[in-house]
Amino acid sequence: MIYIDTYISPLGDMTMAGSERGITGLWFDGQKYFGANLPKHYEAEKLPVFEEAKKWLDLYFQGKEPDFTPHIAFSDTEFRMTVWEILLTIPYGQTITYGEIAARVAKEKGIPHMSAQAVGGAVGHNPISIIVPCHRLVGASGSLTGYAGGVDKKIELLKLEKVDVSELVIPKKSTAL
């Protein structure tokens, strides 16, 4: 059985999903692909893993780097899960490019090349926002390419981590900063 709970963040309400095995989803309410991996039937429940995730998020939104990661229970294609595991290795306060992740995936799979666009597709479907830090990815030119929660939220998350966003290329549609 999958359960849900809520978290009120400074950037908007969030919904988390999970089971006794771990967190399976964490989304800003209304974001792109919201609840994409939720089954038709789920229940609201206070699970220990949700309390752990809330502690992590509380520390994070206080501008602190949490020294633990709530238990995560990924379930998707092997390729997407490989990309999401790599996202977990991106250090707090740092950014990397989609191409760098593509190169790591190619190396792990023993193939000569991996498409940065394919990585982008997997990243875009990351079901666990913030904890699995897809907001730390930038385009090859330093551009703040899409974020399912919205580029404005991505900018705020990076600023919270003390990333100098003035060096990044912000899409013209964004009104943040």
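Apart from neighbours within four places in sequence, Met 114 is in contact with Phe 79, Ala 102, Val 105, Ala 106 and Val 119. The model is predicted. Met 114 belongs to the loop between helix H3 (98-109) and H4, in a protein that has 5 helices and 6 strands.

**Overall fold**

- The order of elements along the sequence is β-β-β-β-α-α-β-α-α-β-α.
- The radius of gyration is 16 Å, which agrees with the value near 16 Å for a compact globule of 177 residues.
- Along the principal axes, the C-alpha atoms of the protein fill a box of roughly 45 × 40 × 30 Å.
- Buried residues make up 47% of the 177 residues of the protein.
- Of the contacts between residues at least 6 apart in sequence, 56% join residues at least 24 apart.

**Sheet and the helix across it**

- An open sheet is formed by 4 strands in the order E3-E2-E1-E4, with mixed pairing.
- Strand E3 (22-28) and strand E4 (43-44) are at the edges, and each has a single partner strand, so one side of each has no neighbour in the sheet.
- Strands of a sheet pair through backbone hydrogen bonds, in either a parallel or an antiparallel sense.
- The pairing of E1 with E4 is parallel and runs over 2 bridges.
- Opposite Ile 4 stands Ala 44, in E4.
- Helix H1 lies across E1, strand E2 (12-19) and E3, and runs at about 15 degrees to E1.

**Aromatic pairs and a charge over a ring**

- The count of aromatic pairs is 5.
- Tyr 7 and Phe 61 form a stacked pair, because their ring centres are 6.3 Å apart and their planes are at 20 degrees, where planes under 30 degrees apart count as stacked.
- Tyr 7 is in strand E1 (residues 3-9) and Phe 61 is in helix H1 (residues 48-61), so this pair ties together parts that are 54 residues apart in sequence.
- Both Tyr 7 and Phe 61 are buried.
- Trp 56 and Tyr 60 are also stacked, since their ring centres are 5.3 Å apart and their planes are at 5 degrees.
- Trp 56 and Tyr 60 are 4 residues apart in helix H1, so about one helical turn separates them.
- Trp 56 and Tyr 60 are both buried.
- Tyr 7, Trp 56, Tyr 60, Phe 61 and Tyr 92 are linked into a cluster by ring pairs.
- Lys 153 has its charged end over the ring of Phe 28, at 5.2 Å from the ring centre.

- Ile 130 is not a glycine, yet its phi is positive, at about 65 degrees.
- The loop between helix H4 (116-124) and strand E6 (137-138) contains Ile 130.
- Ile 130 counts as buried because its relative accessibility is 0%.
- Lys 162, a residue other than glycine, also has a positive phi, near 70 degrees.
- Lys 162 is in the segment after helix H5 (151-160).
- The relative accessible area of Lys 162 is 68%, so this residue is exposed, the cut-off being over 50%.

**Ser 143 and its loop**

- Ser 143 is placed in the loop between E6 and H5.
- The relative accessibility of Ser 143 is 18%, and the residue therefore counts as buried.
- With neighbours within four places in sequence left aside, Ser 143 is in contact with Val 138 and Val 169.

Conventions. Residues are numbered from 1 along each chain as its sequence is written. This is a predicted model: local features need pLDDT of at least 70, side-chain atom pairs count only at pLDDT 80 or more; totals for chains, interfaces and linings use all residues. Side-chain values use heavy atoms; hydrogens and water are left out. Rings of Phe, Tyr and Trp (its six-membered ring) pair if their centres lie within 6.5 Å; planes under 30 degrees apart count as stacked, over 60 as edge-to-face and the rest as tilted. Buried means under 20% relative accessible area, exposed over 50%, partly exposed in between (1.4 Å probe, protein chains only). A charge sits over a ring if NZ of Lys or CZ of Arg is within 6 Å of the ring centre and within 35 degrees of the ring normal. Two strands pair if DSSP finds at least two bridges between them. Contact means heavy atoms within 4.5 Å. Axes are lines fitted to C-alpha atoms, for helices over the stretch in contact, and angles run from 0 to 180 degrees between N-to-C directions. The radius of gyration is taken over C-alpha atoms; the globule rule is 2.2 Å times the number of residues to the power 0.38.
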